[in-house]
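Subject: Structure handover

Hi,

Here is the structure I promised to pass on to you.

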Amino acid sequence: MSDHKTMTLTLIVWRQKNANDPGKFETYSAKNITEHHSFLEMLDCVNEDLILAGKEPIVFDHDCREGICGMCSQVVNGAPHGGQDRTTVCQLHMRKFKDGDTIYIEPWRARAFPIIKDLIVDRTALDTIIQAGGYTSCHTGGVPDGNAILIPKPIAEEATDAAECIGCGACVAGCPNGAAMLFTGAKVSQLALLPQGKAEAVARVKNMTKAMMECGFGNCTNHYECQAACPKGINVKFIARMNREFLKAQFA
Amino acid sequence: MILDGKCPTGPIEKSWDKHRFDLKLVNPANKRKYNIIMVGTGLAGGAAAASLGELGYNVQAFCYQDSPRRAHSIAAQGGINAAKNYPSDGDSILRLMYDTIKGGDFRAREADVWRLSQVSNNIIDQCVAQGVPFARDYAGYLDNRSFGGAQVSRTFYSRGLTGQQLLLGAYSALSRQIKAGTVQMYNRREMLDLVVVDGVARGITVRNMVTGEIESYAADAVCLATGGYVNVFYLSTNAKGCSVTANWKAAKKGAFFANPCYTQIHPTCIPQAGEYQSKLTLMSESLRNDGRIWAPKKKEDVSKLPADISDADRDYFLERKYPSYGNLAPRDISSRSAKEACDAGLGVGPGGRGVYLDFADSIKRLSEDTIRERYGNLFEMYEKITDENAYKRPMRIYPAPHYAMGGLWVDYNLMSNIPGLFVLGEANFSVHGANRLGASALMQGLSDGYFVIPYTIGGYLVTVKPGAVTTDHPEFKKSVVDVKATNNKYLSINGKKTVSEFHRELGKVMWNNVGMARSKESLNEAIKVIPQIRDEFWNNVKVTGSGTELNQQLENAGRVADFLEFGELLARDALHREESCGGHFRVEHQLPDGEAMRDDVNFSYVGAWEYKGNDKEPELHKEPLKFETIHLAVRSYK
């Protein structure tokens, strides 16, 4: 290892045994952390110490640890994913912190995301929104050749910008209203931009926004916190596009 | 026992069409009477659950994540192959088949690979129809890039996010079926047992990872689409939750495990930075389209800044050794070459574990903007992890365990030797032989899920009476009791080492002895040491908390316990296979220039292992491989 500098940090972590427990903050010390540790590897180290001391480790959702699966979900020092531009908390590295720092770690907080345990929340509401219409109703097989319908590059690129959403829910956690407009807007826009999605665009935007409201998500009041929190940098223009699609749908 | 893959006979070009016609069909009105269990909802499982649900079957789908959208298929970056031949550069179904068989070092079944190549074109059409935003050119046509082991451009892609986009396509199709009620989705469930009644797969036992409840589900067929097992090396490019558990539980109930020693070590991963590291991150192979791989020629240069090493002092070793494929040589060859350079003391970065992947020439030729457009997200990811700007200085890369070509043995219908148990995607062994080519994993997952299992499962279901066995059967009760007992055991040991410590220990043994270069000594060493670690695990592991709540340590204990059994099987398979082929490299079997030396006379077969009980030697069964369309040849990429 090229450098042996280590850090000691104070962690103030939300602990909550289950959905019914009121929960509270607990303080821990993270020792021997290097700048190359990822944030989750830092927590792994803390957990190893807790286990060996016979204490319950901190549970948190994580899986790919490369910023694409959308499973990790922690509010670090008040910012979803820790506030580094376009970075999931699993990709956040300890070089962004200093020796002696105090770090607050909390779960996503939103009405639609009940806490399951510690830093783990239930995000099935996001699945419910997709199930309401986040697809094209094509059958397996019986579809035209991939090149039968041309899609201009700028359209394909813009659809991809929207499609980059990893469904982590940081936009909801960052929003003062707990809204899922960026999440929903991204899927509505991706499919509304592409010729394959246009046939069902009217029903889709109506059904998805309805599901969004029914799941207990709030509404957009243009704070743009969602875009700031989004680890993929999804642009709020997709909320505007969804609103246009929604308005159009009222007259369709 | 000699295994029969039940491959169709006759001309290969007609084999799949003929087989589909020969398969018996389930009457549309009868489909809803059948229940199908799908474990895993990545590309293979998600696509299969969606397609089977749409056909009218009742599907119960399970995943350990909080949503099917998170399966690790999502992390595949580079692309998906298809024999569309849109660029008119000489591609065809036969050529894709040839490249795949050759890339796999002649250790895969011809009929399966033909089928994969044939349906590859349907996959692209399907994904486009779902709204997958593939890269397009300015005229609006689908764009292609090149990948390792091919001399044509047949890889379709969506930035560096192809796996994500394809998975979200399958997830959207699955979501549509969940809404329609044909698929019942169970999130945060981990399969901990396969229930076999009178020799037939009838259901599964799972742990509800939120409540801790042990639940049973019965069905007329069980499909495992549970991915690969390279987390047996501890550090790999897989997600943390990826395990061999579902497959290993099935193996312990009698399913044969085929070719476990065929593991892929991917050449372009970000090198390990320290001991605490929890996983390795892949940099897509597509980077090798525009990046040149090199190591310093002189040992005294390894600690210099790369910019201070003159071109004459750089060894572009892939271009030197494999002039016709160059930086796009297959993964096994590229990984071994990088390891050779590092073993010779020419590695760069921490611990000398790294070679350079350099974009300077491409940036000069094409501009930084073009490179950013092609790989921007990969460069960003590299910078987040290493704090280095790869537009300004070359990336450091090192090989890492990435993919399992081995898996549960299946016949041409994707059914294992246990009737009613089907295995899809990376979890089976079928098409990649001893080495998988880039952009072929996504192709296989979606092929199995959208276009193979929906046909072949019907051929089995017509032979069984729907709903014949329910969870009231004593085998289900016994399964629940067994699973609970095992979980209680983990919790009661109360030893002095964490689950992760054991996993890291196993990983080191696997990497050092069963990694990129294997020898009789190293493998025997592994076979000796792994049972010792296993014994210690069962006496000294510490798992806190209880079984009746969300308990990640308990989940992980089960996975590591299975790796500790499976790792030994992997080493045994590698020991028995006295040849080098693809990802399996035995130092005793190499040509004078260091290339892998296959032994087609003695080892041209699939090695499928039957579990015989703990601490008993498994029994080997063979399925001979026949090559009638593609002639056996020494694999050369020079």
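First, the ground rules. This is a predicted model, so to speak of local features pLDDT must be at least 70, and side-chain atom pairs count only at pLDDT 80 or more, while totals for chains, interfaces and linings use all residues. Residues are numbered from 1 along each chain as its sequence is written, chains are lettered from A and ligands numbered from 1 in the order in which they are written, and side-chain values use heavy atoms, with hydrogens and water left out.

**Chain A with chain B**

Taking contact as heavy atoms within 4.5 Å, 80 residues of chain A touch 81 residues of chain B. The two chains bury about 6600 Å² between them, with 51% of it on carbon and sulfur atoms; buried area is the accessible area (1.4 Å probe) that two parts lose on being put together, summed over both. On the chain A side, Asp63(A), Glu66(A) and Lys153(A) lose the most area to chain B, together 10% of what that side buries.

There are 13 salt bridges between chain A and chain B, each a side-chain nitrogen of Lys or Arg within 4 Å of a carboxyl oxygen of Asp or Glu. One of them joins Lys117(A) to Glu549(B), at 3.4 Å from N to O.

**Two domains of chain B**

The domain assignment (automatic or from a database) gives chain B domain 1 (267-400) and domain 2 (474-599). Their centres, taken over C-alpha atoms, are 31 Å apart. The contact takes 9 residues from domain 1 of chain B and 10 residues from domain 2 of chain B.

About 800 Å² is buried between these domains, and carbon and sulfur atoms give 57% of that. In domain 1 of chain B, Glu275(B), Arg336(B) and Lys339(B) lose the most area to domain 2 of chain B, together 52% of what that side buries.

Which residues form the salt bridge here? The rule finds 1 salt bridge across this domain interface, and the side chains of Glu275(B) and Lys508(B) meet in it at 3.4 Å, N to O. As for secondary structure (DSSP runs numbered from the N terminus: helices H or I of at least four residues, strands E of at least two), helix 9 (331-346) and strand 15 (395-404) of chain B each supply at least two residues to the domain 1 side. Helix 9 of chain B gives the most to that side, with 5 residues.

Best wishes
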